[in-house]
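Let us go through this model by question and answer, taking helix packing, then strand pairing, then some local details.

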Amino acid sequence: MTEKLFDVPRRVPAAVTALLVLVAVVVLTALANSTMQPLPASAPAGEFSAGRAMRHLERFATEPRPIGSPAGARARDYLVKELRAAGLDVRVQRAVGANPSTGLASFGQVHNIVATRPGGDPTGTVVIAAHYDSAAMGPGASDDAAAVAAMLETVRALGDAELRNDLVFLMTDGEEDGVLGAEAFVREHPLGRAGGVLLNWEARGVSGPSLMFETSRDNAGLVETFADAVPHPRGDSMMVELYRLLPNNTDFTPMTEAGFSGMNFAYIQDSSRYHTADDSLAFLNRGSLQHHGTNMLALARALGGADLPALAAGHDVTYFRFFGFLITYPNALVWPLAGLAVAAVAALALLARRRGLASLPRTAAGALSGVVPVALSAVLAQGLWELLVAVRSDYYGMGGLLHRPEAFRAAVAALVALAVLGWYLALRRRVGPAALAIGALAWPALVGAVCAQIAPGASFMFALPALAAALGGLGALLLRGAVWRVAAITAGAVVAAALLPALALTAFDGMGLALGGVSAVTLALFGLTALPLVELWLPEPGARLGRPVAAGVPAVAAGLAVALVAGGLAVDDFDAANPRRTHLAYVMDAETRVAGWVSGDLDPPAWTRRYVSGRDTAFLPPGYARGELWTGRAPAVDARGPRVTVLSRDGDTYRLKVVAGKGARSITLRTERPITEAGAGVAGARPVTVPVTGTRAKTWPGEVRFRGLPESGAEITLRVPGAEAGFRLTAISETDGLSSVPGFAPRPPGLIPATREDGGIVAITRTYRL
């Protein structure tokens with residue numbers, strides 16, 4: 001039994017029609033997931049206007065605003081003034097924020113802006129949050145100034161209208177250095193400890209729709225409010241489940257861990273600009289700002305007038321967009337739908353066996369072999385990335401987030417086609433078209449069932465395409481007439497076409513080509529659902545495929561991939577508008593006055609090679625180097641550097657006084673032994689202590705950072721087990737910018753600082769034996 005699932009007299013016209021339908025579905029889905037048109041400053045007073053919000057951005061988002069910087073203080077003064085002018089009660093919370101990670105404790109003196117708009121008869125508090133600091137490499141127009149400006153415009157649009165609930169507009173500090181402001185807010189501020197409903201706003205790019213990509217647990221009431229209140233809802237529960245599994249975090253993380261319920265929003269397209277000098281007003285998509293603000297204003301009004309306790313639910317919901325409509329259903333339906341998908345595939349296999357189209361052993365063989373195209377697609381996509389980095393090493397520092405990745409993304413799709421079609425054509429005559437097509441559906445059905453268990457909100461993405469494709473196959477077998485059969489099988493593939501390519505594109509936007517295997521697997525699963533339509537293009541299964549088909553189709557796919565890669569390399573070259581990145585820092589030992597340049601680039605560009613020329617790291621201070629570095633000698637600068645004084649010692653716990661030195665914004669301490677606990681305090685703020693587990697990689701095992709260090713310094717406590725005989729500690733004071741170094745020349749156009757956090761700084765070190 002090696003027959004087709006179904007046949008029609010005029011296969012080629014049917015195949016062309018089905019292909020056009022699926023292409024139209026993919027295109028329409030992409031268009032439906034677009035962002036909004038920005039409204040000008042002349043828009044009605046009650047509406048959100050990107051034009052009005054841009055006026056704020058032009059005042060405070062034109063320069064980098066890292067924690068503790070003068071630019072950050074200027075931005076804070078402007079924001080406080082605007083919020084007070086709008087009639088809100090504004091306080092600035094000064095505190096020490098803390099965040100432990102593997103082998104590392106990060107601290108920072110933060111200044112959170114907390115503005116309150118009281119409600120008329122509050123049932124709780126709605127906190128609208130964004131961070132006003134930026135990464136040190138760029139002005140952060142999108143990350144996260146756009147959301148901060150949207151808050152100011154939302155306050156204006158709300159006007160004097162009385163809302164039932166208290167609104168708190170929280171502008172946090174120190175998010176870029178470990179969500180320090182949010183951590184301090186929930187640990188010390190009364191409003192942070194009280195909890196409530198949180199709306200957090202972020203960006204991981206400079207354009208795209210505002211996506212609701214994360215929620216707290218038991219989100220049913222929140223998602224219902226989102227669906228009802230927001231005029232242009234974007235995002236799905238697949239993103240929620242995926243983000244919950246990732247190690248990434250935003251201010252949303254410490255606040256929901258402290259008891260807030262809420263939703264997290266971001267736009268993520270054009271992410272090559274993320275955390276760079278190009279995250280600027282010039283590249284900010286005004287439509288993304290409009291979408292952020294429109295959603296923010298709508299939810300402020302809806303939640304501001306809601307009975308907040310009534311939103312509490314004991315379960316999550318699945319939600320996603322389908323042809324422009326937001327579909328929601330309780331997660332109680334996840335397992336039934338996943339089970340229906342498996343049952344529908346099994347029913348299709350049994351009916352095909354009864355009709356003599358595919359035996360159960362052959363269908364099982366088709367299912368088992370289906371892992372080949374899925375796995376091969378992932379391998380080819382990851383191999384493509386390794387090839388791109390080998391050809392153009394500058395891509396490595398971009399983490400797969402390229403300026404013009406379209407051709408490379410298309411090349412991944414061509415490689416997926418190569419894997420799926422190569423597998424299908426190789427086994428078609430031996431296993432049979434029907435057996436392969438039915439067996440292939442086992443994979444999305446299986447993934448849907450696995451997700452139902454471990455990530456329920458993601459199950460729909462795979463279970464629904466498998467269910468629809470299986471029902472389409474059943475319709476093709478049970479219906480009479482060629483038109484109805486083609487219509488049934490095409491309709492069955494429409495669900496997959498509406499969901500899976502969009503997921504692949506979102507994965508490309510969020511994770512880039514460095515993790516292109518994720519998108520490739522998604523596209524491969526889409527291909528497996530469309531095999532009956534592929535069969536319409538092929539001759540009878542009993543006949544041998546001619547060489548033009550058997551070898552030509554995979555060859556065309558491979559050739560297309562090669563051509564797309566070549567075209568992508570030609571198109572995605574670097575220029576002033578699409579710059580390459582380079583890492584460069586200056587380091588000097590304050591005791592020996594030996595100084596040098598360091599770069600973490602794989603292959604430094606010509607400008608960077610003016611400063612680094614070899615791999616000699618022997619002259620660097622102990623514990624400074626992290627990973628492989630290029631180095632070069634440099635003149636000494638006039639700087640005293642950091643000072644560390646031991647205040648007391650109690651067993652393996654050391655209490656230190658740390659001062660960074662004149663002009664330095666931050667200090668890093670590296671220890672040659674692991675640390676298990678660290679604490680920090682500054683004058684006028686409560687000290688905080690955190691546990692530390694694990695060790696740092698590619699450098700000394702223990703590390704403590706303090707960002708935004710005041711001139712008076714900080715007290716740092718370290719617990720260093722096994723250090724009875726003492727240990728070495730290297731203190732590194734960090735000052736932004738390299739212009740103070742003799743002989744330094746600014747970067748030429750087309751070159752910007754890399755995103756590595758120790759780049760673009762003057763680092764002055766002292767090493768102590770404690």
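Q: In this predicted model, is the crossing in which α14 passes α19 right-handed or left-handed?
A: Two packed helices are described by the angle between their axes and the distance between the axes. Helix α14, residues 406–431, and helix α19, residues 516–529, pack at an angle of about 45°, with axes 9 Å apart. That angle makes α14 oblique to α19. As α14 passes α19, the crossing is right-handed.

Q: Are α11 and α17 roughly parallel or roughly antiparallel to each other?
A: Helix α11 covers residues 334–354 and helix α17 residues 460–478, and the two pack with their axes 8 Å apart at an angle of about 30°. Angles under 35 degrees count as roughly parallel. On that basis α11 and α17 are, in relation to each other, roughly parallel.

Q: By class, which residues does the contact of α11 with α17 have?
A: The crossing of α11 and α17 is left-handed. The contact is made by residues of α11 including Leu-337, Ala-344 and Leu-351, and by residues of α17 including Ala-463, Ala-470 and Leu-477. By class, the contact of α11 with α17 has no charged residues, one polar and 18 nonpolar.

Q: Are α11 and α16 roughly parallel or roughly antiparallel to each other?
A: Helix α11 also packs with helix α16, residues 442–454, at an angle of about 160° and with the axes 9 Å apart. Angles over 145 degrees count as roughly antiparallel. The relation of α11 to α16 is therefore roughly antiparallel.

Q: By class, which residues does the contact of α11 with α16 have?
A: The crossing of α11 and α16 is left-handed. From α11, the contact draws on Val-334, Trp-335, Ala-338, Ala-341, Val-342 and Val-345, and from α16 on Ala-442, Ala-445, Gly-448, Ala-449, Ala-452 and Gln-453. By class, the contact of α11 with α16 has no charged residues, two polar and ten nonpolar.

Q: Which strands stand at the edges of the open sheet that five strands form?
A: The five strands of this open sheet follow the order β14-β15-β20-β17-β18, and their pairing is antiparallel. Neighbouring strands of the sheet are turned against each other by 20° on average, direction ignored. Each edge strand has a single partner, so one side of each is left without a neighbour in the sheet, and these strands are β14 (643–650) and β18 (688–691).

Q: Which residue in β18 is the bridge partner of Ala-678?
A: Strand β17, residues 677–681, is joined to β18 by four bridges, and the two strands run antiparallel. Within β18, the bridge partner of Ala-678 is Val-690.

Q: Which residue in β23 does Arg-728 stand opposite?
A: Strand β21, residues 728–736, is joined by six bridges to strand β16, residues 666–671, and runs antiparallel to β16. In that pairing, Leu-669 has Ala-731 of β21 as bridge partner. β21 also pairs with strand β23, residues 761–769, in the antiparallel sense over nine bridges. In β23, Arg-728 stands opposite Arg-769.

Q: With which side chain does Arg-74 meet in a salt bridge?
A: Side chains of opposite charge can pair when their charged atoms come close. The structure holds 29 salt bridges. For Arg-74, the N to O distance is 3.1 Å and the side chain in question is that of Glu-63.

Q: What is the omega of the cis peptide bond that joins Asp-143 and Asp-144?
A: Most residues other than glycine have a negative phi, and most peptide bonds are trans. Asp-144 is found in helix α4, residues 141–158. The bond that joins Asp-143 and Asp-144 is cis, with an omega of about 15°.

Q: What is the positive phi of Arg-593?
A: Arg-593 lies in the loop between β11 (585–589) and β12 (595–599). Although Arg-593 is not a glycine, its phi is positive, at about 65°.

Terms used
Residues numbered from 1 in each chain as written. Predicted model: local features only at pLDDT ≥ 70, side-chain atom pairs only at ≥ 80, totals over all residues. Heavy atoms only, no water. Axes fitted to C-alpha atoms, helices over the stretch in contact; angles between N-to-C directions. Parallel < 35°, antiparallel > 145°, perpendicular 65-115°, else oblique. Left-handed = near helix turned anticlockwise from the far one by under 90°. Pairing = 2+ DSSP bridges. Salt bridge = Lys/Arg side-chain N within 4 Å of Asp/Glu carboxyl O. Contact = heavy atoms within 4.5 Å. Nonpolar A, V, L, I, M, F, W, Y, C, P; charged D, E, K, R; others polar.
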